[in-house]
Amino acid sequence: MLRFLSYSSCRLAVVALTLGVVLGAPASPAAAELSWPEKSGPTCDGRAAAADIVGLPTEWSETKNIAWKIPLEDEGHSVPVIGDGRIWFTAASHDGKKQFVYCVDPATGKVLHHKLLFENEKPEPLNNAVNTYASPSCVLEHDALYVHFGSYGTAKLDPTTAEVVWQRRDMPARHYRGPGSSPFVFENLLILTFDGVDRQYITALDKQTGKTIWETKRSHDYQDLNEKGEPRGEGDLRKAYNTPTLTMVAGKPQLVSVASRAAFGYDPRTGREIWMFEHPNFNAAPRALFLPGLAIINTGSEGANLIGLRLDETTQGNVTKSHFNWHRKKGNSALSSPVLVDGKVYHVTNQGVIYCVDGKSGEEVWSKRVGGSFCASPAVAGNLIYFCDEKGKTIVVRAGSEFTEVAINELGDGMRSSPAIAGGALYLRTFGFLYKIATAK
């Protein structure tokens, strides 16, 4: 019954819940080899597997606990994905005319592949200084690597040779400020999100062939046209960068996807919209988190809201006024995804304030100003949380009912890419380098 699913643990967790399997049981050897298979790790919530945090350092500098450091060509904020003895991530030229995939040996830092995948004659300007043309992260399975650059192209690669199995370049959307949503794998489907200024939809491709299985248009009425019937602000109010996440509701899988001005629940097998929850924001990037019967949704942008949405068999149709348990209107991250540890939500704002919020009630437990500016999402290793800022500083915090700083670490290069954890090492992609941080032996 498990055979048809990918080995990514967030999918395995759903099956385990369905079958009543104890989630604390050891993973199979095959599953354990994919330490960080997608942008948010093996459970799609920023948490590393227990086996991968053994010996993980909490302190480093440019001269301490650096196993290797390699320079990178071109640009990108995509998170490294790690498994089966390989590290994969994307990059693009500054002008977006060339888009690449990297493959690196985690033991040595040797670049095994630096492959040009797509060339674009006239890419749309990013219109900001934050994003890149290589911000969506890859998804790794034992027999496949899925690489995505938004509307510029999507490809399936053979992870042993880096050869292209299939590719698609016919899924349009004007990203305007660049693509950001990463792919998501469910059963035999590769699910992609396109929330552009001109069109907004979510679609699923057959993993084996790349053919479209379903496509669902966002049903929300954006109502942001001017008196001439044209989108205001180049349609900025319609954009989002969210990557969907899977949960179980009344024994059935649901895909939770946060778009501009609304969040949605879909049947991942058919694309059927199950529910919609309207919110006031756009640019949604953080992923949803889940507690039993509850989705914790960050709506993104500078005025981000954090919402506890009740999920059960009655969550159907427009549930804006009927199903929210709590609503936190201020002090929420705009770009960085929250993480969940022991029922508490931890997140950091762009202005450098870390908050701890009770996941069931939405009540603030504590807050601490640490300074800096944060785009990267934190990573969780046991009860430790790693927050990486744009200047190269990483603050390690112990989860708990009060703020406890474990360490502050400085590198010479900043980052907007989120950290990845595998084999007792931390992998940090900065603006110009890839670092492997591991305890010196």
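1. Strands are DSSP runs of E with at least two residues, numbered from the N terminus, and two strands pair if DSSP finds at least two bridges between them. With these terms, the hairpin of β28 and β29 has 4 residues between its strands, and within this hairpin Gly392 takes a positive phi near 100 degrees.

2. Basis of the note. The structure is a predicted model, in which local features need pLDDT of at least 70 and side-chain atom pairs count only at pLDDT 80 or more, while totals for chains, interfaces and linings use all residues. Residues are numbered from 1 along each chain as its sequence is written, and side-chain values use heavy atoms, with hydrogens and water left out.

3. Strands β28 to β30. Strand β28 (residues 384–388) pairs with β29 in the antiparallel sense over 5 bridges, and Tyr386 has Val396 in β29 as its bridge partner. On β30 (residues 405–410), 5 bridges again join an antiparallel neighbour to β29; here Val397 has Glu405 as its bridge partner. The hairpin that joins β29 to β30 passes through 6 residues. Burial is assigned by relative accessible area: buried is under 20%, exposed is over 50%, and partly exposed lies in between (1.4 Å probe, protein chains only). Of the 6 residues of β29 (residues 393–398), 5 are buried, so this strand is largely enclosed by the rest of the structure.

4. Ser257 has Phe264 of β16 as its bridge partner.

5. Aromatic pairs. Rings of Phe, Tyr and Trp (its six-membered ring) pair if their centres lie within 6.5 Å; planes under 30 degrees apart count as stacked, over 60 as edge-to-face and the rest as tilted. The count under this rule is 11 aromatic pairs. For Phe194 and Tyr201, the ring centres are 5.0 Å apart and the planes stand at 20 degrees, so the pair is stacked; both Phe194 and Tyr201 are buried. For Phe277 and Phe324, the centres are 6.4 Å apart and the planes stand at 80 degrees, so the pair is edge-to-face. Phe277 belongs to β17 (residues 273–278) and Phe324 to β22 (residues 324–328), so this pair ties together parts that are 47 residues apart in sequence. Phe277 is buried at 6% relative accessibility, whereas Phe324 is partly exposed at 40%. Tyr346, Trp366 and Phe403 are linked by ring pairs into a cluster.

6. Cysteines. Which cysteine sulfur is closest to that of Cys356? It is the sulfur of Cys388, 19 Å away and too far for a bond, given that a disulfide is a pair of cysteine sulfur atoms within 2.5 Å. Cys388 is likewise in no disulfide, its nearest cysteine sulfur being that of Cys375 at 12 Å. The count of disulfides is 0. Cys356 is buried at 0% relative accessible area, and Cys388 is buried at 1%.

7. Cavity. On a 1 Å grid over the protein atoms alone, a cavity is a set of points where a 1.4 Å probe fits but cannot get out, and a pocket is an open set with protein on both sides within 12 Å along at least five of seven lines; lining residues have an atom within 4 Å of a point. Grid points are joined across faces, edges and corners, and a volume is the space filled by probe spheres set on the points. The structure holds 1 cavity of 30 Å³ or more, and the largest cavity has a volume of about 80 Å³. Its lining has 14 residues, with His175, Pro179, Gly180, Ser181 and Ala240 nearest the centre. Strand β11 (residues 189–195) gives the most to this lining, with 3 residues.

8. Second largest pocket. This pocket holds about 770 Å³ of space. It is lined by 41 residues, and Val130, Tyr241, Ala285, Leu335 and Cys375 are the closest to its centre.

9. Ala381 lies in β27 (residues 379–381) and is buried, with a relative accessible area of 6%. The C-alpha atoms of Ala381 and Ala48 are separated by 5.5 Å, although the two residues are 333 residues apart along the chain.
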